[in-house]
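Let me have the sequence and the model up before I start jotting.

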Amino acid sequence: MQMDTVRFDRIIEEIDSNAERLQGSDDGEISHLAIDIGGSLIKMVYVSSNNHCSTNDQQGQLSNETVSILNGNWNHSALCGSLHFVKFETRMISKCIKFLSSKKLQYPGGRCHELHTNEKIIIKATGGGAFKFADLFKEKLGITLDKVDEMDCLVAGANFLLESVHQEAFTYMDGKKEYQQIDQNDLYPYLLVNIGSGVSMIKVDGENKFERVSGTSIGGGTFWGLGKLLTKCNSFDELLELSHRGNNRVIDMLVGDIYGTDYSKIGLASTAIASSFGKAISENKELEEWKPEDIARSLLRMISNNIGQIAYLNALRYGLKRIFFGGFFIRGHAYTMDTISVAVDFWSKSEMKAMFLLHEGFLGPVGAFMNYKKDDLSELMADQLKTENHPRTSCGEDRLQTSSSVDQKVTEQSI
């Protein structure tokens with residue numbers, strides 16, 4: 001489990017802690033909690049008052065350990081404090097329940113006093129787990145989940161972030177990160193590729209105007225599931241870290257392995273992948289004889305390549321010039337982004353670029369969060385964000401660490 005205290009347009013603090021520390025931390029009273037319960041991960045966004053929330057228009061003062069979400073006027077009865085992003089593994093939902101039970105939950109109006117016994121706590125929730133675990137939240141926490149459509153939330157979250165957060169979108173290729181300035185008058189249409197357990201590809205034509213046009217079952221859950229079977233890694237992060245040390249060329253069959261050189265007639269370099277895991281056919285080895293890090297690297301490359309190619313083909317089909325990739329599969333991982341970028345660049349003949357989102361894994365809960373419209377929440381936050389100077393912090397850049405071993409340029413493209 002990991003908890004991030006962040007600003008919408010920059011990371012304020014990253015904490016990689018165990019459940020005990022999180023449950024013991026004093027974030028004050030929680031208001032405007034929104035949750036996205038997916039097949040693999042639970043993501044939530046909430047505002048904490050840091051015990052300084054007031055109803056008399058006094059600005060909340062924050063401790064030295066955290067910073068206000070926004071540089072601006074917090075004289076708003078519904079919001080005062082810090083914005084938090086939290087994630088849990090869905091299989092460990094009991095830890096999520098325990099975490100929430102340690103907090104002082106408020107009802108959606110955000111008024112800073114205790115609930116009366118006859119008042120219900122209702123929070124915005126999205127994802128399949130909002131249906132599957134509704135009774136559990138009611139039984140254990142007395143919380144009623146106000147369900148918001150998953151696709152609606154993904155699109156609303158992406159639209160809001162792209163319209164309101166400075167430098168939300170960026171490209172990443174050959175180890176180089178470049179922020180993209182998005183013309184608000186020319187944002188639509190675009191393709192949103194959300195890579196969670198599976199992958200959804202959504203053509204977004206405007207506010208509340210979208211269509212899920214494609215997808216694939218080969219996504220983050222595939223990487224995690226196959227990786228667990230093949231390498232014995234117990235967590236997604238462990239598997240991702242393992243891939244840092246791997247070399248997929250040991251196990252993937254390349255064009256050069258077949259031709260001995262490039263296949264220049266059709267534009268394939270000798271380093272292009274002809275068959276993922278292809279060398280396992282000719283090598284007389286048992287699974288235990290292959291290095292787990294090489295397996296993890298090849299698996300990550302295979303899935304990322306596949307997603308990048310399918311995304312481009314859908315953009316081509318619908319005449320879209322922009323592709324934004326989000327979802328917790330990416331996690332700011334340099335090799336993953338490089339692979340997706342190379343796939344889009346290769347198949348589009350360099351006419352299109354893959355773009356990534358700073359808050360990639362939280363589109364769903366941000367979209368659900370935006371549904372607290374009665375407090376004019378989205379208008380307030382958008383106004384504050386647009387006046388932000390957007391200073392960068394080292395934490396924000398640390399999300400894009402490159403591999404320390406086998407730090408090869410990503411030029412291998414699947415046929």
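This is a predicted model: local features need pLDDT of at least 70, side-chain atom pairs count only at pLDDT 80 or more; totals for chains, interfaces and linings use all residues.

Is Cys96 buried or exposed? I looked it up: Cys96 is buried, at a relative accessible area of 0%, where buried means under 20%, exposed over 50% and partly exposed in between, with a 1.4 Å probe and protein chains only. Cys153 is buried too, at 1%. I then searched for disulfides, meaning pairs of cysteine sulfur atoms within 2.5 Å, and the structure holds zero.

Residues are numbered from 1 along each chain as its sequence is written, and side-chain values use heavy atoms, with hydrogens and water left out.

**Entry: helices**

I took helices (H or I, at least four residues) and strands (E, at least two) as DSSP runs numbered from the N terminus. In H7, residues 236–244, I found Phe236, Leu239, Leu240, Leu242, Ser243 and His244 buried. These pack against H6 (220–231), H10 (292–318) and H11 (334–347). H10 has 27 residues, of which 19 are buried. From first C-alpha to last, H10 reaches 39 Å, close to the expected 39 Å, a span taken as 1.5 Å times one less than the number of residues. After H10 comes Gly319, with a positive phi near 65 degrees.

**Entry: Gly361**

I found Gly361 in the loop between strand E17 (354–357) and helix H12 (363–369). Gly361 counts as buried because its relative accessibility is 9%. Leaving out residues up to four places away in sequence, Gly361 touches Lys43, Gly327 and Phe328; contact means heavy atoms within 4.5 Å. Ile330 is 31 residues away in sequence, and its C-alpha is 8.1 Å from that of Gly361.

Asn194 lies in strand E11 (190–195) and is buried at 15%.

Next I checked the second largest pocket, at about 430 Å³. A pocket here is an open set of points on a 1 Å grid over the protein atoms alone, where a 1.4 Å probe fits, with protein on both sides within 12 Å along at least five of seven lines; lining residues have an atom within 4 Å of a point. Of its 32 lining residues, Gly38, Lys43, Asn194, Gly196 and Ser197 are the closest to the centre. Elements giving two or more residues to the lining include E11, H6 and H12.

Key:
Grid points are joined across faces, edges and corners, and a volume is the space filled by probe spheres set on the points.
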